[in-house]
Amino acid sequence: MNRSSKFMKSAAIALIPVALVSAAALEVSAAATNYDLKPINLPGATGTIALDYFAYDRTTGKVWVPASNTGSVDVIDDATDAVSEVTGFATGEIERRGRKITVGPTAASVGDGVIYIGNRGDATLCVIDAKGHALQECLPVSADKAVTPDGVVYVADAREVWLTLRPKAKIGRAS
């Protein structure tokens with residue numbers, strides 16, 4: 001078997017699982033269209049709210065929504081659509097693409113009885129009690145605060161919080 005034949009055989013074998021996955025995704029997509037869309041107003045929203053990483057807590061039935069530029073995390077009850085607000089997060093101002101924007105909490109991850117929140121406003125990782133919704137503490141993600149948290153993931157098996165970080169860009173204190 002020559003080299004190009006080996007390549008074609010390998011490519012065909014590699015494409016078979018992709019085709020099977022694609023067909024399965026189409027079936028799931030068709031079945032997943034049985035849902036309702038409805039707007040839910042977030043507290044303190046007077047204009048555009050910067051949103052990034054949400055999290056859903058199956059044990060409490062809550063959706064955790066870091067509403068970055070408001071300096072709060074909104075909590076939506078999936079049974080009633082009631083919205084409560086966890087406030088007290090620092091915000092900061094950064095320059096992005098030549099414009100100044102306000103940033104604050106941007107990422108949520110469900111832990112063991114707590115919610116972890118990455119805050120770009122002051123480069124911290126914050127902890128919220130999942131049931132009482134009380135902000136517990138915020139810890140810097142680096143000693144010199146040269147980076148801010150981007151993604152936050154709680155890894156239950158290891159009982160670890162993993163962060164992706166991004167360099168801080170011309171930040172100033174907004175509140």
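Author: Let's start with a turn: S3 and S4 form a hairpin with 5 residues between them, and Asp81 in that turn has a positive phi of about 65 degrees. This is a predicted model, where local features need pLDDT of at least 70, side-chain atom pairs count only at pLDDT 80 or more, and totals for chains, interfaces and linings use all residues. Residues are numbered from 1 along each chain as its sequence is written, and side-chain values use heavy atoms, with hydrogens and water left out.

Reader: What makes S3 and S4 a pair of strands?
Author: Strands are DSSP runs (E, at least two residues), numbered from the N terminus, and two of them pair if DSSP finds at least two bridges between them. S3 and strand S4 (residues 83-86) are joined by 4 bridges, so they pass. They run antiparallel, and Ile76 has Val83 as its bridge partner in S4.

Reader: And which way does strand S2 run relative to S3, parallel or antiparallel?
Author: Antiparallel: 6 bridges join S2 (residues 62-67) to S3, with Lys62 standing opposite Asp77. S2 and S3 form a hairpin as well, with 4 residues between them. In that turn, Gly71 has a positive phi of about 75 degrees.

Reader: Why is S3 called largely enclosed?
Author: Buried means under 20% relative accessible area, using a 1.4 Å probe and protein chains only. In S3 (residues 72-77), 6 of the 6 residues are buried, so the rest of the structure largely encloses this strand. Ser72, Asp74 and Ile76 point one way, while Val73, Val75 and Asp77 point the other way.

Reader: What makes up the largest nonpolar core?
Author: A nonpolar core is a set of buried Ala, Val, Leu, Ile, Met, Phe, Trp, Tyr and Cys residues joined through side-chain atoms within 4.5 Å. The largest has 12 residues in all, among them Trp64, Val73, Val75, Phe89 and Ile115. The elements giving two or more residues to this core are S3, strand S8 (114-119) and strand S9 (124-129). There's also a second, separate core of 9 residues, which includes Tyr116, Ala123, Val141 and Tyr154.

Reader: How do you know what Ile115 is in contact with?
Author: Contact means heavy atoms within 4.5 Å. Leaving aside neighbours within four places in sequence, the contacts of Ile115 include Asp57, Trp64, Ala108, Cys126 and Ile128. In soluble globular proteins, nonpolar side chains tend to be buried together.

How values were computed
Buried means under 20% relative accessible area, exposed over 50%, partly exposed in between (1.4 Å probe, protein chains only).
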